[in-house]
Amino acid sequence: ADQMYGPKEDRKLVIVLVGLPARGKTFTAAKLTRYLRWLGHETKHFNVGKYRRLKHGTNQTADFFRGDNKEGVEARNEVAALAMEDMLSWMEEGGQVGICDATNSTRSRRNMLMKMAEGKCKIIFVETICNDQDVLERNIRLKVQQSPDYAEQTDFEAGVRDFKERLAYYEKVYEPVDEGSYIKMIDMVSGNGGQLQINNISGYLPGRIVFFLVNCHLTPRPILLTRHGESLDNVRGRIGGDSSLSEVGEVYSRKLASFVEKRLKSERTASIWTSTLQRTILTAQPIIGFPKIQWRALDEINAGVCDGMTYDEVKKNKPEEYESRRKDKLRYRYPRGESYLDVIQRLEPVIIELERQRAPVVVIAHQVSVSSFCIFLNLFFLPKYVLWMYEGRNSCRLC
């Protein structure tokens, strides 16, 4: 991986978010963090607002954010520098990609960050711009509802007025990015197209980031994830294979169809994604009224020479392989087969396509691939035969 980055300073990357409040910066930072971690890059999200609240409390009024409030400007620059110092220290300890989440709305602030990073890491600015007033009004109200800055505010509308006043102060001093390496996301938050402008972007990882941002959007939509119903090989405890469903699996497929058709009855543009193996195809078969798409990338992990064996048989006949897998399941590769990391790599096109979708998607796959999706979506319970629904804005629930 180091060879892909080139110069030493390019092996560490800082993504600096830029934009007025309520433009989707934190949401974009969370999506990037999730994607880069899923790819295996050590990534950490540094939210400057958290540093500000820790140092100066949560009860700051809009006056604190005035451009001509010298003490307020100095205090905000100070916490931004603290966040950057922590990020650089974290990188010295092995971190690879840091994401600086703040407005960073003036050239002087951005110049300060670039000077701190000089000779230590590469900086890319990601600026989020939104001109859709309906989206902004919704985001403002959501921000006031969820932000710790307004947790003690009992009058919601007074909080909205204060936030809009804060926003007006930022607008007076805002300077769009036109320096260094940058990516501008313009009106992509609405889900109706938008533009992505890039300048001076080169290198392996920056290219992957651009590719991801080109394909993602912020439109909420449900994503339903499930394993296939129980298969005959599951009953026998055998790895891999391409067996059909057991009686229990057939019952699950019918119950799944009933749930999906009820849950998505008004979502006629939804689609069903399966692997190319018959246990997922048969699980999806009772679901009617939606197009079905088969992805080879969703197939179960290739167990190579161990395909069709039970784990007891692997332990008895190939004890060295059994022990290697037990010690490091993530990186262990079956002889003439795959590792979990191999599966993650082949799933990337599916993840990108999932990000592009604006309609609901039902993914019926295998333990490894569904678990990988759960990791990508920040779900830390890995389902067995239950269904998870991801609502598109960092929330999930068991159905």
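Q: Are Tyr332 and Tyr334 buried or exposed?
A: Buried means under 20% relative accessible area, exposed over 50%, and partly exposed in between, with a 1.4 Å probe and protein chains only. In this predicted model, both Tyr332 and Tyr334 are buried.

Q: What should a reader know about the model and its numbering?
A: Residues are numbered from 1 along each chain as its sequence is written, and side-chain values use heavy atoms, with hydrogens and water left out. The model is predicted, so local features need pLDDT of at least 70 and side-chain atom pairs count only at pLDDT 80 or more, while totals for chains, interfaces and linings use all residues.

Q: How many aromatic pairs does a search of the whole structure find?
A: Rings of Phe, Tyr and Trp (its six-membered ring) pair if their centres lie within 6.5 Å; planes under 30 degrees apart count as stacked, over 60 as edge-to-face and the rest as tilted. The search finds seven aromatic pairs. One of them is tilted: Phe65 and Tyr170, at 5.9 Å centre to centre and 40° between the planes.

Q: Which parts of the chain does the pair of Phe65 and Tyr170 tie together?
A: Helices (H or I, at least four residues) and strands (E, at least two) are DSSP runs, numbered from the N terminus. Phe65 lies in the loop between α3 (48–56) and α4 (70–92) and Tyr170 in helix α7 (residues 156–173), so the pair joins parts that are 105 residues apart in sequence. Phe65 counts as buried because its relative accessibility is 2%, and Tyr170 counts as buried at 8%. The pair of Tyr332 and Tyr334 is edge-to-face, at 5.2 Å centre to centre and 75° between the planes. Ring pairs also link Phe64, Phe65 and Tyr170 into a cluster.

Q: What span should α4 have?
A: The expected span of a helix is 1.5 Å times one less than its number of residues. The 23 residues of α4 should therefore span 33 Å, and the end C-alpha atoms are 33 Å apart, which agrees.

Q: Which residues of α4 are buried?
A: An α-helix has 3.6 residues a turn, so residues three or four places apart point the same way. The buried residues of α4 include Gly72, Ala75, Arg76, Val79, Ala80, Ala83, Met87 and Trp90.

Q: Where does Asn104 sit, and what is its phi?
A: Asn104 is not a glycine, yet has a positive phi of about 45°. Its place is in the loop between β3 (97–101) and α5 (107–117). Asn104 counts as buried because its relative accessibility is 0%.

Q: Where is Asn200, and what is its phi?
A: Asn200, a residue other than glycine, has a positive phi near 55°. It is in the loop between β6 (195–199) and α8 (204–215). At 54% relative accessibility, Asn200 counts as exposed.

Q: Where in the chain is confidence lowest, and where is it highest?
A: The pLDDT is the predictor's confidence in each residue, from 0 to 100. The chain averages 87, and 90% of the residues score at least 70. Confidence is lowest in strand β12 (residues 396–398), at a mean of 35, and highest in β3, at 97. Over residues 379–399 the pLDDT stays under 50.

Q: How many helices and strands does the chain have?
A: The secondary structure comes to 15 helices and 12 strands. Buried residues make up 51% of the 399 residues in the chain.

Definitions and conventions
Contact means heavy atoms within 4.5 Å.
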